[in-house]
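Hi everyone, thanks for making the time. Please have a look at the model on the screen, and then we will walk through it together.

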Amino acid sequence: MNHEYFMSLAIEEAKKGDAPYGAVIVKDNQVVARAYNTVARDCDPSAHAEINVIRRLTTQINKFSLSGYSIYTTGEPCPMCAAACVWSGISEIVYGASITDLISLNQSQIHIYCEEVIAKSFSNITVTKGVLKQECMSLFTV
């Protein structure tokens, strides 16, 4: 299994949401949690795919540390979601479309890259960019 496979699962999750953002968390080459954006459904501005998947997994395993886990997300984590990754101890972020890509598609974004949030934190999260980028961007043009 590889980055493209897990990102394809995040893309499938994105198609279920209020906005086309999806995320999966992986450990030891196994998907352990999946989620999508539910901001409108939940009337919760924090219900981004990344927040939802982190909440789902930490509740499931009954601990808040996700050290050793990787998150795959269709869009680059916004500052809120990047901070949640830092606080949860996620070891790796893999994303498809960047914040710059999303802005080019007229998506509302806070123009602070996830790597900037990580750089100013106490965490050392590995970031892989642009996995299935075109497929992730196409979610916004359907």
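Which residues does N37 touch, not counting residues up to four places away in sequence? They are G17, D18, A19, Y21, A47, H48, A49 and N52, where contact means heavy atoms within 4.5 Å.

Before going on, a word on where this comes from. This is a predicted model, where local features need pLDDT of at least 70, side-chain atom pairs count only at pLDDT 80 or more, and totals for chains, interfaces and linings use all residues. Residues are numbered from 1 along each chain as its sequence is written, and side-chain values use heavy atoms, with hydrogens and water left out.

Back to N37. You will find N37 in the loop between β2 (30-36) and α2 (39-42). When I name helices (H or I, at least four residues) and strands (E, at least two), I mean DSSP runs, numbered from the N terminus. N37 counts as buried, at 6% relative accessibility. Buried is under 20% relative accessible area, exposed is over 50%, and partly exposed is in between, with a 1.4 Å probe and protein chains only.

Next, T74. T74 sits in strand β3 (residues 70-75) and is buried, with a relative accessible area of 2%. The T74 side chain reaches the backbone nitrogen of G22 at 3.1 Å. That is a polar contact: a pair of N or O atoms within 3.5 Å where, within protein, one must be able to donate a hydrogen and the other to accept it, and residues adjacent in sequence count only if both atoms are side-chain atoms. Leaving aside neighbours within four places in sequence, the contacts of T74 include M7, P20, Y21, G96 and L139.

Y21 brings us to the aromatic rings. Rings of Phe, Tyr and Trp (its six-membered ring) pair if their centres lie within 6.5 Å; planes under 30 degrees apart are stacked, over 60 edge-to-face, and the rest tilted. By this rule there are 4 aromatic pairs. One of them joins Y21 and F140: the ring centres are 5.2 Å apart and the planes stand at 65°, so this pair is edge-to-face. Y21 lies in the loop between α1 (3-14) and β1 (22-27), and F140 in the segment after α7 (133-138), so the pair ties together parts that are 119 residues apart in sequence. Y21 is buried, at 14% relative accessible area, and F140 is buried too, at 16%.

Now look at W87 and F122. Their ring centres are 5.2 Å apart with planes at 55°, so this pair is tilted. W87 belongs to helix α4 (residues 79-88) and F122 to the loop between α6 (114-119) and β5 (126-128), so parts 35 residues apart in sequence are tied together. Both W87 and F122 are exposed. Ring pairs also link Y5, F6 and Y72 into a cluster.

Why do we say that α4 is largely enclosed by the rest of the structure? Because 7 of the 10 residues of α4 are buried. Those are P79, C81, A82, A84, C85, V86 and S88. What covers them includes α3 (49-61), β3, β4 (92-97) and α6.

On the subject of phi, here is some background. Most residues other than glycine have a negative phi. In this model, D28 has a positive phi near 50°, and N29 has a positive phi of about 60° although it is not a glycine. D28 is exposed, with a relative accessible area of 68%, while N29 counts as partly exposed at 42%.

One more residue: is I110 buried or exposed? I110 counts as exposed, at 53% relative accessibility. I110 sits in the loop between α5 (99-104) and α6. Not counting residues up to four places away in sequence, I110 touches P79 and I99.

That is my tour, so please ask away!
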